[in-house]
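User: Could you take me through the aromatic rings in this model and the helix that packs among them? I'm new to this, so please spell out the terms.

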Amino acid sequence: MTVRPPVPPFTRESAIEKVRLAEDGWNSRTPEKVALAYTEYSRWRNRAEWVTGRDEIVAFLARKWAKELDYRLIKELWAFDGNRIAVRFAYEWHDDSGNWYRSYGNENWEFDANGLMSARHASINDAPIRESDRKYHWPLGRRPDGHPGLSDLVL
C-alpha cells in the first residue's frame with residue numbers, strides 16, 4: 001500500500017508541508033507524477049468538470065497544461081482539521097495567442113489514512129492580466145523557497 005507523508009491527522013506544520021508538496025507537484029506539470037498523490041478512485045470537481053480516478057486525472061491535467069502555457073502556481077494553507085485541508089491558490093498562465101491570465105481559487109481536500117487525496121473540490125476564476133502585471137517570474141518548475149507567497153504578494 002502506498003503511503004504519501006505527511007498523513008492525517010494533520011498539524012499546522014504537516015498541513016503546510018502537504019500544501020507545498022502539492023504545489024511542487026502541480027508546478028512540475030507532469031500529469032502522471034501528480035496523479036500519484038491521489039487515490040486510485042479519487043473524486044474531483046474542478047470548476048464544472050467532474051473527474052474520477054487516476055486515468056481521468058492524468059487526461060484532465062494533460063488537457064489543462066496543453067492549454068495553460070507557462071503555468072506557475074502558488075498555494076497557501078487556509079484551514080485544516082483531521083484529514084481535511086482547505087487551500088487558496090493563484091496561478092499565472094497564457095494561452096496560445098499570448099493572452100495572460102491569473103486564475104484564483106479555493107480547494108477543499110480530503111485524504112485517506114495513507115496521505116493520498118481521495119477528494120478534491122476546486123472553485124476557480126480566471127482574470128485577464130497584462131504580461132507586465134505578472135508576479136510569478138521564476139523558471140518553470142518548483143517555486144524557489146525564497147519567492148514570496150500569496151499573502152506576501154497581496155493576492
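Analyst: Let's start with the rings. The structure holds 11 aromatic pairs, where rings of Phe, Tyr and Trp (its six-membered ring) pair if their centres lie within 6.5 Å; planes under 30 degrees apart are stacked, over 60 edge-to-face, and the rest tilted. Trp 26 and Trp 65 are edge-to-face, because their ring centres are 5.6 Å apart and their planes stand at 85°. This pair links distant parts of the chain: Trp 26 is in helix H1 (residues 12-28) and Trp 65 in helix H3 (residues 54-67), 39 residues apart. Helices (H or I, at least four residues) and strands (E, at least two) are DSSP runs, numbered from the N terminus.

A quick word on the ground rules: this is a predicted model, so local features need pLDDT of at least 70 and side-chain atom pairs count only at pLDDT 80 or more, while totals for chains, interfaces and linings use all residues. Residues are numbered from 1 along each chain as its sequence is written, and side-chain values use heavy atoms, with hydrogens and water left out.

Trp 26 is buried at 4% relative accessibility, and Trp 65 is buried too, at 10%. (Buried means under 20% relative accessible area, exposed over 50%, partly exposed in between, with a 1.4 Å probe and protein chains only.) Ring pairs also tie Trp 26 and Trp 65 into a cluster with Tyr 38, Trp 44, Phe 60, Tyr 71, Phe 89 and Tyr 91.

Now for H3 itself. Buried in H3 are Ile 57, Phe 60, Leu 61, Lys 64 and Trp 65. They sit on the same side of H3, because they cover an arc of only 120° around the axis, taken from the directions from the helix axis to the C-beta atoms. Turned away from that buried side is a face with the exposed residues Asp 55, Ala 66 and Lys 67.

What does the buried side meet? Its residues pack against H1, helix H2 (31-35), strand E1 (38-46), strand E2 (49-52), strand E3 (69-81) and strand E4 (84-94). Zooming in, Leu 61 touches Trp 26, Pro 31, Val 34 and Trp 44, leaving aside residues up to four places away in sequence; contact means heavy atoms within 4.5 Å.
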